[in-house]
Every structure is written in C-alpha cells, then in structure tokens.
Amino acid sequence: MKAKIYYNGNIITMEDSICGDAILIKDKIIKKIGTKEEVFALKNKDTEIIDLQGKTLMPSFIDSHSHLIAFATTLKLVPLEDATSFKDIVKKIQDFKESNNIKKGDWIIGFSYDNNFLEENKHPDKSVLDSASSENPILISHASGHMGVANTLGLKQLGVTNETRDPEGGHIGRVEGSEEPNGYLEENAFFNVASKIKQPSSNEIFNSIEKHRHISKLWYYNSSRRFNGKKINLTF
C-alpha cells in the first residue's frame, strides 16, 4: 500500500510526549511522527503527500458499545419519530413499502410514533393503518416501547380477536361498544404479540449492516465487530 505523508496541519496524537509537524503512514500503520524535515526524509517517489492546509488530524473516536445489531435491525423498520399526524404515519409507511419493494403479505414494522405529538393527540387505530396497506400486516410501536398498534391483517395474523381477553398486565383496545379489537395494544398485550413476529435472520442483519455502513461514516467513529462469525469493520 502506498505510503502517505500528512503535513501543514494541527496534528494531535493524544500523547503529550509524541508530537510533530508531519506524520508518515504506511500499510495503515503510523511509521513516523516528527518535524517536516524528519518525515519528508523518509519519502520516496511513490509516497503520496497530503497538505492538511491548516486542518486538524487526530485519532477518530473508538466506539466499543455501539449496539450494532439493534441498529441494523432498525434499518429494516419504518421510522415514525417525526410523524405529526395520522396522514403522516400512513405516508411514511407507504413510502417505506415502495422504496423497499415490500411484497404483498410481508410484515411492515414501524417504530417511535408518539401520540402526544400528533395533530389528533391520540393513538392511531387499525383503520388508520389499514389505509396505509390492507395487503400487508402492520405493527407500529410507540416511542416508549410499551404499546403499539396493528392493522386488521396484523391482528388476524397475531391471533387477536373478539374473544381474546386482556392478558395480565396488558390491555387490548376495543371498538367502542363492542369486543372488536381496534388495533391498540398496551404493555403485555403488545409484548406478547410483538414476540410472535419473525425476526430478521443473521444474514439479513449482516447484509443490512453492509448496505448501510455509510451511515456510520456520518458519525465519524471506528468500530470493529464479529457477528455470526463474520468481521464487520466500520472504520472511516
């Protein structure tokens, strides 16, 4: 690998005893830090010279606690934290379905809607989610993680019917004046059904990380993990 020399910048090593005006890197290893004269004396015709133009060069942050798998899983869900109305939730779900080529019958999962910030100032119900899609089961979770809403097909596949009783420590919302579930599920009623939905496979999670690794570049950190026997390097 071609050697590189960086100079003419603020070089921070994080070690008080190690400083210099220039730095030589080869094969991803720092070979020399010192004065410009000392470092340039080691260059050859193939060395790439990079003028920092007064910018700062320093080690990137090392993230040792990144919840990488949880992060990758959310990339396959519909983010709803910015939704401001039922109409907004419907549009976000429909846009996600189209952009991800979700097939008929596949689950669509959304997360982080907050009824307190919706124009309607209440939770959506199954009719709202039915308008987003009636051919895909849908489940969206509240920002608190303690409740959520399913559409009609979602309730059917999860086995929530008129005869389903509230579990201990949970509540199933009902259409007013009837036993028909309205889609709202709270605490254990939500946890119990959410656990029935098939989780992404190891390969799907790994592929999601690989596909979206550019997002980590925006955070500007280094992270290296092993997942399912494969090394995932998010160094930028």
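**Surface, core and sheet**

Guide: Let us begin with the surface of this predicted model. The chain exposes about 14,500 Å², and carbon and sulfur atoms supply 51% of that area.

Visitor: What share of the residues is buried?

Guide: Of the 236 residues in the chain, 36% are buried. Burial here means under 20% relative accessible area.

Visitor: Which residues touch the most other members of the largest nonpolar core?

Guide: Such a core is a set of buried nonpolar residues joined through side-chain atoms within 4.5 Å. In this chain the largest one has 20 residues, and I89, I93, Y113, L129, I138 and I140 touch the most other members. Two or more residues each come from α3 (86–99), β9 (108–113), α4 (126–132), β10 (138–142) and β11 (147–150). Helix α3 gives the largest share, five residues.

Visitor: What does I140 touch, leaving aside residues up to four places away in sequence?

Guide: Among the residues it touches are L80, I89, I93, Y113, L129, V149 and F190. F190 itself belongs to a second, separate core of 11 residues, which also includes A150, V193 and I197.

Visitor: How should I read the open sheet of four strands, and what is its order?

Guide: The order is β4-β3-β1-β5, and the pairing is mixed. Strands β4 (29–34) and β5 (48–51) are the edges, as each pairs on one side only. From one strand to the next, the twist averages 20°.

Visitor: How many bridges join β1 to β5, and do the strands run parallel or antiparallel?

Guide: Four bridges join β1 (residues 4–7) to β5, and the two run parallel. Y7, for example, has D51 of β5 as its bridge partner.

Terms used: Residues are numbered from 1 along each chain as its sequence is written. This is a predicted model: local features need pLDDT of at least 70, side-chain atom pairs count only at pLDDT 80 or more; totals for chains, interfaces and linings use all residues. Side-chain values use heavy atoms; hydrogens and water are left out. Buried means under 20% relative accessible area, exposed over 50%, partly exposed in between (1.4 Å probe, protein chains only). Accessible areas come from the Shrake-Rupley method with a 1.4 Å probe; for residues, only the protein chains shown count as cover. Contact means heavy atoms within 4.5 Å. Two strands pair if DSSP finds at least two bridges between them. Axes are lines fitted to C-alpha atoms, for helices over the stretch in contact, and angles run from 0 to 180 degrees between N-to-C directions.
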